[in-house]
Amino acid sequence: MISIWFFIGVSLAVNGALILAAGVYQLIRPPADPGVVLFSLHANVWWGALLLMAGLLYCFRFAPRRRH
Amino acid sequence: MTLLLATDVPAHLVRLAPVDVVIVAFYFALVLSIGWYLRGRANTSEDFFMAGREMTAWVAGLSFLSANLGALELMGWAGSAYQYGILATHWYWIGAIPAMLFLALVMMPFYYISKTHSVPGYLKLRFGEPSRALSAISFAFMTVLMSGVNMFAMAKVMQIVLGWDINFSIWVSSLTVAIYVSLGGLRSAIFNEVLQFFLIWAGALLIPILGLYEAGGWTNLKLEITQRASAQYIHLWAGLGSFSNNPMGINWAGIVFGLAAIISMGYWTTDFLVVQRILAAKDIRSAEMAPIIGAGFKMFVPIIVILPGLLGLGLLPEKLVPESVAAVTGGHSYNDVLPLMLARYCGPGLLGLGVTALIAGFMSGMAGNVSAFTTVWTYDIYRPLINSKGSDHHYVNMGRWTTIVGVLISVGTAYLVMHFASIMDYVQALFSFFIAPLFGTVVLGMLWKRATGAGGFWGLLCGTLSSISMWAWVKVDPSALRYVALSPHAKGLAQDMFQALWSFVVCVTVTVLVSLATKAIPEVELNGLVYGLTNVPSVGDVPLYKKPLFWAAIVTVVFVTLNIIFW
């Protein structure tokens, strides 16, 4: 059976990739009105990258093929 | 700037970008996929209702915690933190940790070795059919009603925060839950609860991180809160000497004896919604470790719930007000603080994750209600009272159909609440009536061998009736609160604490008196059900770092230290 941790890895990786992509897009093309405070910290870039790395780690560690 | 974001869009608090919508849609696709994948692993009643009793301590522990970590819980307690300050943390620390450890070390062995499928099932073994029927029917009835109330409340939140249509929110979320629980049973619900746990932390942890950065650290935040509100908002215990010396209008006795000793013990040890997750553990060590793991994480939930409320109090330029005032003035209420803080810091992508965390919290809470209802209906009502000769396959089918019917009743309740708003208050109050007396009945059953079937039944019934009577008394005459809570300065929350305390006392007193007046149950029939007559199985010959007692001690030390630090 596929481990629950693998599903969590998929969720974190996909969400992380989407958030990172949105952050990088805003980094390249900064909006005139960012709409959030502390925009200069570009939280979606580093938080998205963090989630992506954690997700990939879980996906790799708990991939179905590695459990058999 | 963010305030403008919130107030410039009067229809709703935040506006989702396309990437946010993709993140929300991905969540729905993933939970349905998990349900579809697990459909082949829910063919026997043990699989469907108890997840095969093969969950590890980590999965059972995180699911146990997640079942309680709903979206309304997150938003409500963040709002309470804004309203009452750090005092709201009591519901996460002393109002949870001791009870979780008590469940792990004292009560779990009896639940586990009796191989019961439910809390009412334990009452059947210990006190007989009448006690089971009373608790099962009340639990099943109230669980689906509560699920409907939560469904409506969440749809309302989605309307306020995102501008979504209420009907859309109700039907999409309820149909999704109905599909994945009816396909995969408890295992599917548990898997999605663990997924939700990660999504909530991933979606909410940025708020305290960025908030503390903006505030200039915890010390500066405390100074800001002291200036804007008062120093009482940043102390856990220092203001609890009297009812009038803290924003909550409660004293230390209400917190310690009402919240910690009764309400929290009742909820965490006898509410089948959460206990069901632990019963799915694969062995006795996992069953004991699961609540301890849950307690370890529970201590840190205030970081993503209480701290955002305090940050809102210290940083938001707008002053938030009670719901009743917000409805008149058009301003934001206390309960809006979490979405406001989300909008303050989270841009495209992050906002979608935060909203997904709220939706996931709501749906897993609903799945928890529905799976618990399904089990109690099938095992404790349908099988003993209606059809005791069905095949295993028949009961699994009954579980699947009950899941769908339970969701439909919840939807019906949601629409009922939509048209008769006062029903919500009554349903929430009704649910609280059963918690404290049920704890009294179960704990006496486990710890006192002289408790008899008649004692258990009449204690449970009288405790519940006393709780209803006190609630009705204060409802008719609000000044009666001074007698229930023993102080003219007591406020609403104090009523819940003292009402629970007195109904527990009534339950225990009646149980003891009736038990002493009736014939004792032969000791041989109590083997495996009562302390002193049961050989509690060992967790095995494992190293110290794998023993539940060792981790319970560590959790206790951290718990005491945190209370001293924030005294």
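How many helices and strands does chain B have? In this predicted model, the count for chain B comes to 24 helices and zero strands. Along its principal axes, the C-alpha trace of chain B spans about 70 × 55 × 55 Å. A compact globule of 567 residues would have a radius of gyration near 24 Å, and the 23 Å found for chain B agrees with this. Of those 567 residues, 57% count as buried.

Two packed helices are described by the angle between their axes and the distance between the axes. For helix 8 (residues 129–162) and helix 19 (residues 392–419) of chain B, the angle is about 55° and the axes lie 7 Å apart. An angle of that value makes helix 8 of chain B oblique to helix 19 of chain B, and the crossing of the two is right-handed. On the helix 8 side of chain B, the contact is formed by Val144(B), Leu145(B), Ser147(B), Gly148(B), Val149(B), Met151(B), Phe152(B) and Ala155(B). Their counterparts in helix 19 of chain B include Gly406(B), Ile409(B), Gly412(B), Ala414(B) and Met418(B). Sorted by class, this contact between helix 8 and helix 19 of chain B holds eleven nonpolar and six polar residues, with no charged ones.

The meeting of the two chains involves 25 residues of chain A, in contact with 30 residues of chain B. On the chain A side, the elements that give two or more residues are helix 1 (4–28) and helix 2 (43–61) of chain A. Helix 1 of chain A supplies the largest share, twelve residues. By class, the side of chain A that touches chain B divides into 18 nonpolar and seven polar residues, with no charged residue.

Just after helix 10 of chain B, Gly216(B) takes a positive phi of about 85°.

Notes
Residues are numbered from 1 along each chain as its sequence is written. Chains are lettered from A and ligands numbered from 1 in the order in which they are written. This is a predicted model: local features need pLDDT of at least 70, side-chain atom pairs count only at pLDDT 80 or more; totals for chains, interfaces and linings use all residues. Helices (H or I, at least four residues) and strands (E, at least two) are DSSP runs, numbered from the N terminus. The radius of gyration is taken over C-alpha atoms; the globule rule is 2.2 Å times the number of residues to the power 0.38. A residue is buried if 20 or more other C-beta atoms lie within 10 Å of its own, exposed if 12 or fewer, and partly exposed in between; C-beta atoms are placed from the backbone. Two residues are in contact if their C-beta atoms, placed from the backbone, lie within 7 Å. Ala, Val, Leu, Ile, Met, Phe, Trp, Tyr, Cys and Pro count as nonpolar, Asp, Glu, Lys and Arg as charged, and the others, Gly among them, as polar. Axes are lines fitted to C-alpha atoms, for helices over the stretch in contact, and angles run from 0 to 180 degrees between N-to-C directions. Angles under 35 degrees count as roughly parallel, over 145 as roughly antiparallel, 65 to 115 as roughly perpendicular and the rest as oblique. A crossing is left-handed if the near helix is turned anticlockwise from the far one by less than a right angle, and right-handed if clockwise.
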